[in-house]
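Morning, everyone. Please have a look at the chain on the screen, and then I'll walk you through it.

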Amino acid sequence: MKKLVFLLLATFSISMVAQEKITEGVIASKMTMSSPNEQMNAQLQMVGDINIITYFKDDKTRSETNNPMSGESVSIIDTEAKQMLTLLNNPMMGKKFTLSDINETPDTSGIEITKGDETKTILGYDCEQYNITMNQQGVAMTMKVFTTEAIEASNQQTVELGEKFKGFPLLMTINVTQAGQDMAMTYEVTDIKKESVSDDKFSLTPPEGYEKMEGM
């Protein structure tokens, strides 16, 4: 479940003309989690809102989260190099990293993606709806996602879901069932800034002190 939550993390106020294309900048978002199971819900409430900062530039994206309970995590996607670096600084595990290749034709077996009819305007951006259901490795998930193609940035969803999914998600509602336990998550973008981002943010070289995660 922790790995699943992290993958979903991979993870918006600006005065602008609606639908202006942005290819470089910084996005702020947050994820909230809850469960009908009282014990699990108590644990999720201890975690609290998960704040995410995403830097993007050309074909590169970097998403950062920092939470007192789960520690720090960073995900760097370079679609030109076709690689993704994940950094974890967890109180239990210590500093770990994985460096994986991005599959040009991701395995979408067990995943169904349909285009919805609903639209939303979020922070001045027209967003289109996608409905996603998946059942993989004992995890059943449904997602309602609103994306905009005005933000030209890579993200976990476009990497893993392939060509049927387009745009950058500004709002996601997610329902997950695993081992008989239900959990609901809401991801929403809260701020978008068009600004320059240093290339150093997107280095695929693991920082000093990080060890490769075994089995990954």
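Helices here are DSSP runs of H or I with at least four residues, strands are E runs of at least two, and both are numbered from the N terminus. This is a predicted model, so local features need pLDDT of at least 70, side-chain atom pairs count only at pLDDT 80 or more, and totals for chains, interfaces and linings use all residues. Residues are numbered from 1 along each chain as its sequence is written, and side-chain values use heavy atoms, with hydrogens and water left out.

Start with the loops. Ala179 sits in the loop between β10 (168–178) and β11 (181–193). Its phi is positive, near 55°, and Ala179 is not a glycine. Buried or exposed? Ala179 is exposed, at 74% relative accessibility. The cut-offs: buried is under 20% relative accessible area, exposed is over 50%, partly exposed is in between, with a 1.4 Å probe and protein chains only.

Next, Lys82. It lies in the loop between β4 (71–78) and β5 (83–90). Lys82 also has a positive phi, about 60°, without being a glycine. Its relative accessible area is 34%, so Lys82 is partly exposed.

Now the hairpins. Strands count as paired if DSSP finds at least two bridges between them. β7 (111–122) and β8 (125–136) pair antiparallel over nine bridges. Lys115 stands opposite Tyr130 in β8. Two residues separate the strands in this hairpin, and Leu123 takes a positive phi near 55°.

β8 then pairs with β9, antiparallel, over nine bridges. Asn135 has Ala140 in β9 as its bridge partner. This hairpin has two residues between the strands, and Gln137 in the turn has a positive phi of about 50°.

On to the inside. A nonpolar core is a set of buried Ala, Val, Leu, Ile, Met, Phe, Trp, Tyr and Cys residues joined through side-chain atoms within 4.5 Å. Which residues touch the most other members of the largest one? Tyr125, Ile132, Met143, Ile151, Leu170 and Ile174 do, out of 38 residues. Elements supplying at least two residues each include β1 (24–34), α2 (38–47) and β11. β10 gives the largest share, six residues. Apart from this core lies another, of eleven residues, including Tyr55 and Phe97.

Last stop: Thr32, in strand β1. Thr32 is partly exposed, at 25% relative accessible area. Ile50 is 18 residues away in sequence, yet 6.4 Å from Thr32, C-alpha to C-alpha. Leaving out residues up to four places away in sequence, Thr32 touches Asp49, Ala184, Met185 and Thr186; contact means heavy atoms within 4.5 Å.
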